[in-house]
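Work through the exercises below with the sequence and the model side by side. Each task is followed by a solution in steps.

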Amino acid sequence: MKRKAPLSSKGKGLQRSGSMGSGPKPCGLKSTGFKPKAPASPYEAERKANQRAALNALKRARRAADKAGVDLSDWEDGFLDDVGERIATHGRAFGDPEKGRPGQALSILQARKLKEISAKASGETKGNAKRPAKRPRPRKGSSGTTG
């Protein structure tokens, strides 16, 4: 009884059917030489989002002032310009880490001043500020119940 050689070997020995080495890639994918970018840390993503939010708030304040025809003082105009430049260049507008939270683009006082400029542009004054009304505190000794 004669044995026939398998069709795939044809005298070359055993060969693998899959492509493990430099052969063609399965599914027609080609290697471009670029590795996929590693996902950024969530802290980095939050910091970038805070930068974009601060820059957009500065732009909104300036647009609102222009649209309403409100003249900003030289200091306010320079503040918006300088803070925008610092955020775009350095990622934040303050150097002392005690003046703001980590990852924030504006310090606490800068955020307050930006809010004041936005309120001025929208026509709100200090009397129109959205604050809850203060409730009168009860006097000592008059608790409302008699005893």
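## Exercise 1: Helix 1

Task: list the buried residues of helix 1, then check the length of the helix.

Solution. Step 1: in helix 1, the buried residues are Asn 50, Gln 51, Ala 54, Ala 57, Leu 58, Ala 61 and Ala 65. Buried means under 20% relative accessible area, exposed means over 50%, and partly exposed lies in between (1.4 Å probe, protein chains only). Helices are DSSP runs of H or I with at least four residues, strands are runs of E with at least two, and both are numbered from the N terminus. The model is a predicted one, in which local features need pLDDT of at least 70 and side-chain atom pairs count only at pLDDT 80 or more, while totals for chains, interfaces and linings use all residues. Residues are numbered from 1 along each chain as its sequence is written, and side-chain values use heavy atoms, with hydrogens and water left out.

Step 1: the cover over these buried residues includes helix 2 and helix 3. Contact means heavy atoms within 4.5 Å.

Step 2: helix 1 has 27 residues, which should span 39 Å at 1.5 Å a residue, and its end C-alpha atoms are 38 Å apart, so the two values agree. The expected span is 1.5 Å times one less than the number of residues.

Step 3: just after helix 1, Gly 69 has a positive phi of about 75°.

## Exercise 2: Glu 76

Task: is Glu 76 buried or exposed, and which residues does it touch?

Solution. Step 1: Glu 76 sits in helix 2. Step 2: its relative accessibility is 10%, so Glu 76 counts as buried. Step 3: leaving aside residues up to four places away in sequence, Glu 76 touches Ile 117 and Lys 120.

## Exercise 3: The largest nonpolar core

Task: find which residues of the core touch the most other members.

Solution. Step 1: a nonpolar core is a set of buried Ala, Val, Leu, Ile, Met, Phe, Trp, Tyr and Cys residues joined through side-chain atoms within 4.5 Å. Step 2: the largest one has 16 residues, of which Leu 58, Leu 80, Val 83, Ile 87, Leu 106, Leu 114 and Ile 117 touch the most other members. Step 3: helix 1, helix 2 and helix 3 each supply at least two residues of this core, and the largest share, five residues, comes from helix 1. Step 4: not counting residues up to four places away in sequence, Leu 58 touches Leu 80, Val 83, Gly 84, Ile 87 and Leu 114.
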